[in-house]
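Here is a brief report on a protein model.

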Amino acid sequence: MAGTLRLRRGVRSEAPHPRALIPEGPIGTGAQRGALQRLAQALLDNGIDGPGPYAAARQLLGRRPPRIAGTAAGAPLRREGETGLEAAVRLVEGLDRSCLPIQGPPGSGKTHTAAHVILARLAKGRRVGITANSHAVITNLLAKVLELAPEVGVEVRAVQKADEGGGLDDPRVSSATSNERVDAALADGANLVAGTAWLFARPEMDGALDTLVVDEAGQLSLANVLAVAGTADRLVLVGDPRQLAQPSKGTHPDGVGVSGLEHVLDGHDTMPDHLGLFLDRTWRLHPEICAFISEQVYEGRLEPEPRCAARVIDEGPSVGGAGLRWLSVGHEGNRTSSPEEAHAVARLAGSLIGRGWTDADGQRRTLGPDDVLVVAPYNAQVRLLAEHLPTGVQVGTVDKLQGREAPVVIVSMTASSAEDVPRGMEFLYSRNRVNVAVSRAQALCVVVASPRLLTVTCRTVDQMRLANVLCRYEELAVAT
């Protein structure tokens, strides 16, 4: 029996048989390393602003303002009276071997804007690429492009690099499981190619496209953005670093966690007018919710679409109306789960289901279970909430629910006090995480929390800033 390991499992277990005893090593990054070496050589040969390859990447690395035909250097990029969408399409049209960053807060139409930029380039007979940190994000933008294509009369012949069955199921999309199939599709006339950095960082893709759109560029590292930037002379970064940052595993040297858009912002909360576009209108948030998010996260620049003010929940037991609500629930010693909050949230959700509400178009309907979204910071609380919530109510962590929205959002803060918070207050009180949680709500947001979370002993200025966000929410909210 020497050298044999015998594994036992239950006869009725439905778990798949294990295929290995230890995890595989890291995914190879040879293509990205090679692309960065080619970029380094281009920098040595031409500097930041000189001619030659990797011009858009070099401009991004140097935080240069976009070079736009007909726009003076340092001038605001957006014209008076121009919508964000109109500006984006115009600016990409005039982009000269450069990079256009677009910051889109919650509900501001980032995906819609990016799709129209892509279709405008396709309409000109250009070849465009889509990349992001995950296949799910890539597929979402690709689906939006195909949804809008008939409206604008553009023919899309797309190829997507993904695992078998992992791409978009659409007759206009050729699914490719290998780089060779992508290359063949491009040679056969494909005008839109979608894939991760492992596809675009290859030397075969250098200069192959007119425009490359990087979606969720607030979650893709600067190194990966630079590695794919040699694909096109026009580079468009779309995302929002003030929502969730890029996911990370393991320990990394200082500085490598900066995303492409964070690099451009360089400490600013919102995109400076001469460096890129800030999409300043949200079609999701009720004005009272937008006012809090705009003040605390976006320097007061985010405004609600006027029709959002029509969204309101009928009054009834517990809460109703629209805007911000605060439900104080006392408890002691809770860290990653809180039975007290789970029961309170379940009662609250149950009282809202079946209530009438008015949407942004003034239409009346009844709230169903899927119209209530429950957010918690820890998986343990998510599991506890799932045991108590009415069937059909959506529940998850901030990370899982980013991109989702609902008429009502209930946030369970879970921990009893700042001293009880695992991983330090920087996680629970994170401005980015509060932003994502609250901004899922179209009409009504209710934060359920221990009152002791508002009495924090801060030891640094940064901790004071963190605590201020939650305190300001409670100050603006109506107690329930």
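## Helix α11 and its surroundings

Gly354 follows α11 and has a positive phi, near 95°. This is a predicted model: local features need pLDDT of at least 70, side-chain atom pairs count only at pLDDT 80 or more, and totals for chains, interfaces and linings use all residues. Residues are numbered from 1 along each chain as its sequence is written, and side-chain values use heavy atoms, with hydrogens and water left out.

Helices (H or I, at least four residues) and strands (E, at least two) are DSSP runs, numbered from the N terminus. Helix α11 covers residues 339-352, 14 residues in all.

Buried means under 20% relative accessible area, exposed over 50%, and partly exposed in between (1.4 Å probe, protein chains only). The buried residues of α11 are Glu341, Ala342, Ala344, Val345, Ala346, Leu348, Ala349 and Leu352. They pack against several elements, among them β12 (323-328), β15 (372-376), α12 (379-388) and β18 (441-449). Contact here means heavy atoms within 4.5 Å.

## Cavities

A cavity is a set of points on a 1 Å grid over the protein atoms alone where a 1.4 Å probe fits but cannot get out; lining residues have an atom within 4 Å of a point. Grid points are joined across faces, edges and corners, and a volume is the space filled by probe spheres set on the points. The structure holds two cavities of 30 Å³ or more.

| Cavity | Volume | Lining residues by class |
|---|---|---|
| Largest | About 160 Å³ | 14 nonpolar, one polar, one charged |

Ala, Val, Leu, Ile, Met, Phe, Trp, Tyr, Cys and Pro count as nonpolar, Asp, Glu, Lys and Arg as charged, and the others, Gly among them, as polar.

The largest cavity takes the largest share of its lining, four residues, from α15. The second largest cavity is lined by Gln59, Leu60, Arg63, Arg64, Pro65, Cys99, Pro101, Val264 and Leu275. Two elements, α2 (55-61) and β1 (98-103), each give two or more residues to that lining.

Tyr54 sits in the loop between α1 (30-46) and α2. Its phi is positive, near 60°. Tyr54 is buried, at 7% relative accessible area.

Glu299 lies in the loop between α10 (287-297) and β10 (303-304). Its phi is also positive, about 55°. Glu299 is partly exposed, at 47%.

Terms used. Expected span 1.5 Å × (residues − 1). 1 Å grid on protein atoms, 1.4 Å probe; cavity = no way out; pocket = protein on both sides within 12 Å on 5 of 7 lines; lining within 4 Å.
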